[in-house]
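Here is a friendly walk through the model shown below. Keep the sequence and the 3D view open side by side as you read.

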There are 2 protein chains.
Amino acid sequence: MRCIGESWPMTKERAYFEAVALKQHGGLCPEHVPEVYHFDRTMSLIGMRYLEPPHIILRKGLIAGIEYPLLAEHMSEYMAKTLFCTSLLYRSTTEHKRAVVEFCGNVELCRLTEQVVFSDPYKVSEYNHWTSPYLDRDAETIREDYLLKIEVAELKSKFCERAQALIHGDLHTSSVMVTPDSTQVIDPEFAFYGPMGFDIGAFIGNLILAFFAQDGHAGQGNDRKSYKEWILKTIEDTWNLFHQKFTALWDEHKNGSGEAYLPAIYNNPELQKLIQEKYMKELLHDTLGFGAAKMIRRIVGVAHVEDFESIKEANIRADCERRALELGKTLLKRRREFVSISEVISAMKHIQS
Amino acid sequence: MRCIGESWPMTKERAYFEAVALKQHGGLCPEHVPEVYHFDRTMSLIGMRYLEPPHIILRKGLIAGIEYPLLAEHMSEYMAKTLFCTSLLYRSTTEHKRAVVEFCGNVELCRLTEQVVFSDPYKVSEYNHWTSPYLDRDAETIREDYLLKIEVAELKSKFCERAQALIHGDLHTSSVMVTPDSTQVIDPEFAFYGPMGFDIGAFIGNLILAFFAQDGHAGQGNDRKSYKEWILKTIEDTWNLFHQKFTALWDEHKNGSGEAYLPAIYNNPELQKLIQEKYMKELLHDTLGFGAAKMIRRIVGVAHVEDFESIKEANIRADCERRALELGKTLLKRRREFVSISEVISAMKHIQS
């Protein structure tokens, strides 16, 4: 935890998992993962592609109000390829189990996620903080909300127990570097075999935070209205393009070595359609649940996001954060009621208005 | 696959996993797991307690119509202790991940289960057989049932991806040796970290098969009516006692090192109750789903059970099997509608009558 300092040291081994994940994800999606030239495990040294200017951290771009017209296209491509190709939709169970074992060693960083995402925000913790006193009651409400706690426990179990695919593990908007033409995913030190929705949710959840922060960045001459529309469209496109690319990969490889749905049983157009609809519906619900957990923890947990932190006036910041918190709680508790991403967009607009 | 012969060789390593599982489960429940005295990995040799006469294989006892008044008590004890204590309800995520890795090596036997339980019965396979011609149409119906295939795919994913606890992996009634006073669980060569419901379902599913086979064993002077009542009671008691013992262990250790539900978040009587109800409801549904898959595969898959095979008249055997198949299909497709084990008993009685 860089933000806590020396009292919370991190394992040196994280560089190993970062390097392995960069190589594996890079092999699957070289367009959006920087190349690793050299890794020295003893030195924990990664030699990799320099992401030259004008590449900047996506979060900085979102705060500055810069539109990235290819962002949804690129991120959906990255997520579809990396998640599909490391799952049992593409792999044999033998390959899968071997790969799972390799990343089980990354337990320290998984435990960090368990604590900061699924636990600390729901209890009194010395590390938690929020925009006080404005959100004092909101933070307390979260600790008292049984339904919220029950739902976050279900997600935590899924995070700890379900080895669905090799996920990035920390796919927020500071793990992505961008130019108008290029999108590069970095920092997969939290990578392990976990639920796909944790990655998709991290990315979409952080776009939602960026959306609700815009009112705090609006100034003279720029009300950020059209930028907010662009963020909404990017969220909607990210999921819809992901859905399209992921199911296209599935169709392409339905007679391959993936062992989840053997062709001898499932290769029938009507059945294939039903199977995919069920899978994608559950993946949307996971995405919304994990995304919501990631939003909540950024407002009342240990590590906050610059989107809100850079809003100087505490009362304005608190208003922005409270709206994000409201949506996060709704998504976490009622995610199964959402049948499409456009309903999420509607809920965002409703809260914003 | 002993029943296929040399054309389907099994890994020598299975003895290693059997010995490790016997030791670990034996450490948690020594009353119902025979002691291992010596294991030689090179020789694949296990030196373990001799289960002296009158111990017999439970399945033989069920076919002979012998009542075991302590069976539900003992099996619920074994399952509650072994499953609870190897899950995140009792363990830290660090211990859990280390243990998961150890058993990932047992991939060959997991793959065998995937094939014979979750795949072969739902497709044309050279290994499948059934009581022909009586069940020809029934076997075909299974291969044409979209909903059944969708549901079995969900269970297969859970089996492959969800490391919930160290399960026995093959807990049918031939993996249990009994006397009226003693119940000993043997042969955990399929052990790995998987879904708890796979074990509970295997046991209950095989009791259900034993129940439907009774009409084939009824003879002059013994209509097996009271024995069938005893089996029904044993099924009901097994789940209800398991539920009671499992939640008692949970209550006892709720302030322990289990990381699924941290006391600082969940230690509140009302919330604890809600959490347990949700957990046990989902576990019942998993149990019924996996139990149903195990029943179906024993009737139209590669390996059958002596309960039915020992019924000489094919038409009588087919009638018994068809009833079991009917219940299996109902449980697999509609398991989420069952809220208690007594509803399963009612469904069994309804099909039987």
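## A buried valine

Val178(A) counts as buried, at 1% relative accessibility; buried means under 20% relative accessible area, exposed over 50%, and partly exposed in between, with a 1.4 Å probe and protein chains only. Before going further, please note that this is a predicted model: local features need pLDDT of at least 70, side-chain atom pairs count only at pLDDT 80 or more, and totals for chains, interfaces and linings use all residues. Residues are numbered from 1 along each chain as its sequence is written, chains are lettered from A and ligands numbered from 1 in the order in which they are written, and side-chain values use heavy atoms, with hydrogens and water left out.

Val178(A) is found in strand E5 of chain A; helices (H or I, at least four residues) and strands (E, at least two) are DSSP runs, numbered from the N terminus. Leaving aside residues up to four places away in sequence, Val178(A) touches Pro54(A), His55(A), Ile56(A), Leu58(A), Tyr68(A), Leu71(A) and Thr183(A), where contact means heavy atoms within 4.5 Å. Leu70(A) is 108 residues from Val178(A) along the chain, yet their C-alpha atoms are separated by 9.7 Å.

## Sheet and hairpin

Strand E5 belongs to an open sheet of 3 strands in chain A, ordered E3-E5-E6 with antiparallel pairing. Strand E3 (56-57) and strand E6 (183-185) stand at the edges with a single partner strand each, so one side of each is left without a neighbour in the sheet. Two strands pair if DSSP finds at least two bridges between them, and 2 bridges join E3(A) to strand E5 (residues 176-178). Ile57(A) stands opposite Met177(A) in E5(A). Helix H3 (residues 71-85) lies across E5 and E6 of chain A, at about 35° to E6(A); axes are lines fitted to C-alpha atoms, for helices over the stretch in contact, and angles run from 0 to 180 degrees between N-to-C directions.

Elsewhere in chain A, strands E1 (residues 36-40) and E2 (residues 45-48) run antiparallel and are joined by 4 bridges. His38(A) has Gly47(A) as its bridge partner in E2(A). The hairpin has 4 residues between the strands, and Ser44(A) takes a positive phi near 50°.

## A helix residue

Ala99(A) lies in helix H4 (residues 93-104) of chain A and is buried, with a relative accessible area of 9%. Not counting residues up to four places away in sequence, Ala99(A) touches Arg91(A) and Tyr193(A).

## Two copies

How does chain B relate to chain A? Chain B can be laid on chain A with an RMSD of 0.0 Å by a turn of 180° and a shift of 0.0 Å along the axis, with copies superposed by least squares on the C-alpha atoms of residues with pLDDT of at least 70 in both. That is the relation of a two-fold axis. In chain B, the C-alpha nearest the axis belongs to Arg162(B), 2.3 Å from it.

Cys104(B) counts as buried at 11% relative accessibility. Cys110(B) is in no disulfide either, as the nearest cysteine sulfur, that of Cys160(B), is 7.8 Å away.

Key: Disulfide = S-S within 2.5 Å.
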